[in-house]
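Dear colleague,

Please find below the structure that I am handing over to you. My findings follow it, and I would be grateful if you read them with the coordinates open.

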Amino acid sequence: MSSILFTAEFGTTVAWLSQLPHGQLPEIAFVGRSNAGKSSAINALCQRRRLAFASKTPGRTQALNFFKLGSPRGEPQAWLVDTPGYGFAAAPTSVREGWGRLAGRYLAERVGLRGVVLLVDCRRGLTALDRSLLAFVRSDTRLLVLLTKADKLPFSHRQQALTSLRQALRSEGLPSDAQLLAFSANTSLGLVEARTVLENWLENDGAALPSPIHS
Ligand code: GDP
């Protein structure tokens, strides 16, 4: 089946909030610790090999990377936004503070933001840095949490990991309609379900959310 996500193409890099694209197209932001599997998830969701690879090239690592969705030669209809991975131990303090000034403010203030996809490595669970990131997410922003690399966990451990993640998110006061999915870019676990959630976000302007997924 086709998906608007398959039309993704690199659009623009934003290093300062003043460079954000104008207009209020729907946007979906991807956030997560460095190495959480964010690039792999974006590539898998968009059925592309190296789409999100650009965000790893020097100079783009601390920027927001906008991928446009829509017909290839036409105006973009929506944006997927890759935010800088956080928590890289070697990143100097100024870089870490820069994350809040750019990505944090973007998450807190961007009008077109339809939802946030948080990537959490299944073997690490929700970390202190993820919690501080979530503080930037407005309470009315939809949230999909992907428990990444779930192929590394046996099925029973996967359920356990999802349950503890749900509890951890609840203790952060997250919206009860936050959706959680076990996800693997390697085996495509959760891929179709995640795509469906994102397509719904893009299609339903403020409409009721589908019921939370437990898998
Ligand atoms: P990013 O830094 O968050 O963009 O993470 P990447 O997508 O670059 O992935 C970080 C590492 O995790 C790489 O070595 C990937 O090959 C690995 N990885 C990503 N997704 C998966 C997955 O679904 N399963 C497994 N086993 N490894 C994965």
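The buried residues of helix 2 are Gly-98, Trp-99, Gly-100, Leu-102, Ala-103, Gly-104, Tyr-106 and Leu-107, where buried means under 20% relative accessible area, exposed over 50% and partly exposed in between (1.4 Å probe, protein chains only). Helices (H or I, at least four residues) and strands (E, at least two) are DSSP runs, numbered from the N terminus. Please note that this is a predicted model, in which local features need pLDDT of at least 70 and side-chain atom pairs count only at pLDDT 80 or more, while totals for chains, interfaces and linings use all residues. Residues are numbered from 1 along each chain as its sequence is written, and side-chain values use heavy atoms, with hydrogens and water left out.

The cover over the buried residues of helix 2 includes strand 1 (9-14), strand 2 (27-32), strand 3 (64-69), strand 4 (78-82), strand 5 and helix 3 (128-134). At 1.5 Å a residue, the 17 residues of helix 2 should span 24 Å, and its end C-alpha atoms are 23 Å apart, which agrees; the expected span is 1.5 Å times one less than the number of residues.

Not counting residues up to four places away in sequence, Tyr-106 touches Leu-17, Leu-20, Glu-27, Ala-29, Leu-64, Phe-66, Val-81 and Leu-113 (contact means heavy atoms within 4.5 Å).

Arg-110 lies in the loop between helix 2 (93-109) and strand 5 (113-121). This arginine is buried, with a relative accessible area of 12%. A polar atom of the Arg-110 side chain lies 2.9 Å from the backbone oxygen of Pro-21.

Val-14, in strand 1, counts as buried at 0% relative accessibility. Val-14 and Phe-66 are 52 residues apart in sequence, with their C-alpha atoms 7.7 Å apart in space. With neighbours within four places left aside, the contacts of Val-14 are Gln-19, Leu-20, Pro-21, Ala-63, Leu-64, Phe-66 and Leu-102.

For the chain as a whole, the secondary structure comes to 5 helices and 7 strands, in the order β-β-α-β-β-α-β-α-β-α-β-α along the sequence. Of its 215 residues, 49% count as buried. Among contacts between residues at least 6 apart in sequence, 75% join residues at least 24 apart.

Helix 5 (residues 191-203) has 13 residues, which should span 18 Å at 1.5 Å a residue; its end C-alpha atoms are 18 Å apart, in agreement. Its buried residues include Leu-191, Arg-195, Glu-199 and Trp-201.

Finally, the structure holds 0 disulfides, a disulfide being a pair of cysteine sulfur atoms within 2.5 Å. Cys-46 is buried at 0% relative accessible area, and Cys-122 is buried at 8%.

With kind regards

Definitions and conventions. Polar contact = N/O pair within 3.5 Å; in protein donor to acceptor, adjacent residues only side chain to side chain.
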